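Subject: Structure for you to look at

Hello,

Please find the structure below, with the sequence alongside. My notes on what was found follow after it.

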Amino acid sequence: MISEVIKLYEDRNDVTLTTYILQDSPQLLAGGRRPAIIICPGGAYLDCSDREAEPVAMKFASMGYHTFVLRYSRYGTEPDGSKADFFGRMSEPLPKEHCLYPTHMREIGKSMLIIHEHAAEWLVDTEKIAVCGFSAGAHNAAMYATRWHEEIICGFFGEEKEKFRPAAAILGYTLSDYLLMKEAVQASSPQDAAFFGVSNTAFLGEAIPSDEKLLEVSPARHVTDNTPPTFLWATAADALVPVQQTMRMATALADGHIPFEMHIFEEGPHGLSLATPASAGGKTMVNADAAKWADLAGCWLEKRFALSVPEKDAK
């Protein structure tokens with residue numbers, strides 16, 4: 001495996017793309033190109049969870065895919081790479097220009113360009129690149145999946161549109177409709193409301209954004225024919241991001257006639273990642289039933305990303 005950390009900005013250490021490139025061999029694909037998956041960890045736009053990064057990359061790598069972990073701009077990490085005390089500023093958070101919308105989804109676009117640039121070297125099938133995310137990372141991936149073809153992304157970079165096209169999206173316990181989430185937060189505890197206020201400030205620059213702004217960043221309201229096939233999963237017991245957010249995205253995909261698959265597991269808290277010991281920080285993050293999602297996603301991907309295995313066995 002070839003693993004390296006690539007900085008997306010020459011003068012910043014906080015935004016990186018970590019590669020997990022499967023090395024080629026005459027006994028494997030013998031020069032054939034593999035599909036790839038860009039993984040966006042969650043963290044409320046305050047941080048990027050390590051539990052939703054490398055463990056997920058290794059899981060998909062075991063299925064035969066090249067994987068990339070994008071640690072996009074986030075409030076809790078300064079451009080020099082040092083950590084910021086965002087929890088200590090929860091009462092009066094201040095926006096940071098370098099990590100405000102639409103920076104995050106543009107960083108997925110920049111990652112796409114990097115992969116295209118190195119596709120021959122890394123043996124990547126550029127027509128089969130998926131975006132995958134969890135929680136806020138899933139929201140970022142969903143934003144990209146529904147907006148990649150617009151001027152806000154492809155026009156920003158001035159590159160041909162096809163270089164940005166995702167072939168699939170995998171969204172774990174995603175936030176898909178900020179207007180619907182606003183209603184849920186209003187009915188939640190003061191602690192949860194304060195947390196989402198900080199997350200809003202990190203993402204949008206203000207704790208209570210306008211409905212117009214919330215509409216703009218609600219991917220379920222931007223599904224078009226350009227939205228790729230999507231795999232959704234969540235748990236009904238998620239107390240932080242209600243399961244209705246995943247169901248709302250599914251409804252939007254169904255209304256738009258976009259192929260999708262959805263799995264809702266009965267139990268399990270928010271932030272499960274793989275839901276196995278490989279990604280767990282404690283026993284509450286291990287759930288054998290919810291852990292089935294990754295293999296289900298693998299079966300779903302196989303329909304679209306089947307590897308070009310040689311006709312004859314390698315010797």
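F164 is buried, because its relative accessible area is 0%, under the 20% cut-off for that word. F157 has a relative accessible area of 23%, so this residue counts as partly exposed. Together F157 and F164 form a stacked aromatic pair, with 5.7 Å from centre to centre and 25 degrees between the planes. Please keep in mind that this is a predicted model, so every value here is computed from predicted positions.

Aromatic pairs

How many aromatic pairs does the count come to? The count is 16 aromatic pairs. One of them is formed by Y65 and F305, and this pair is edge-to-face: the centres are 6.1 Å apart and the planes make an angle of 75 degrees. The pair links distant parts of the chain, since the two residues are 240 residues apart. Y65 is in the loop between α1 (54–61) and β4 (66–71), while F305 is in helix α10 (residues 292–305). Y65 is buried at 2% relative accessibility, and F305 is buried with a relative accessible area of 1%.

There is also a cluster linked by ring pairs, made up of F60, F134, Y173, W233, F265 and W293.

Charges over rings

The charged end of R12 sits over the ring of Y9, 4.4 Å from the ring centre. R106 lies over the face of F156, and here the distance to the ring centre is 3.9 Å.

Helix α1

F60, from the cluster above, is also among the buried residues of α1, along with P55, V56, A57 and A61. What do the buried residues of α1 pack against? They pack against the strands β2 (16–20), β3 (34–40), β4, β5 and β6 (168–172), and against helix α10.

H104 is in helix α2. Is H104 buried or exposed? With 1% relative accessibility, H104 counts as buried. Leaving out neighbours within four places in sequence, H104 is in contact with Y45, Y72, S73, C99, N140 and F203. H104 and C40 are 64 residues apart in sequence, and their C-alpha atoms are 9.9 Å apart in space.

N140, one of the contacts of H104, is in α4, where α2 and α4 meet. On the α2 side the residues are H104, M105, I108, G109 and M112, and on the α4 side they are N140, A141, M143, Y144 and R147. The axes of α2 and helix α4 (residues 136–147) come within 9 Å and cross at roughly 70 degrees. The two helices are therefore roughly perpendicular to each other, and their crossing is right-handed.

Helices α6 and α7

The axes of helix α6 (residues 178–186) and helix α7 (residues 190–204) come within 10 Å, and the crossing angle is roughly 150 degrees. The crossing of α6 past α7 is left-handed. Y178, M181 and V185 are the α6 residues that meet A193, F196, N200 and F203 in α7. F203 was mentioned above as a contact of H104.

Backbone points

Most residues other than glycine have a negative phi, and most peptide bonds are trans. The following places depart from that.

- Y101 and P102 are joined by a cis peptide bond, with omega about 10 degrees. P102 is in the loop between β4 and α2 (103–117).
- L123 is not a glycine, yet its phi is positive, at about 60 degrees. L123 is in the loop between α3 (119–122) and β5 (124–134).
- A275 is not a glycine either, and its phi is positive at about 65 degrees. A275 lies in the loop between β8 (260–265) and α10, and counts as buried because its relative accessibility is 2%.

Regards

Terms used: Residues numbered from 1 in each chain as written. Predicted model: local features only at pLDDT ≥ 70, side-chain atom pairs only at ≥ 80, totals over all residues. Heavy atoms only, no water. Phe/Tyr/Trp six-rings, centres within 6.5 Å; stacked < 30°, edge-to-face > 60°. Helix = DSSP H or I, 4+ residues; strand = E, 2+ residues; numbered from the N terminus. Buried < 20%, exposed > 50% of the residue type's maximum accessible area, 1.4 Å probe, protein only. Lys NZ or Arg CZ within 6 Å of the ring centre and 35° of its normal. Axes fitted to C-alpha atoms, helices over the stretch in contact; angles between N-to-C directions. Left-handed = near helix turned anticlockwise from the far one by under 90°. Contact = heavy atoms within 4.5 Å. Parallel < 35°, antiparallel > 145°, perpendicular 65-115°, else oblique.
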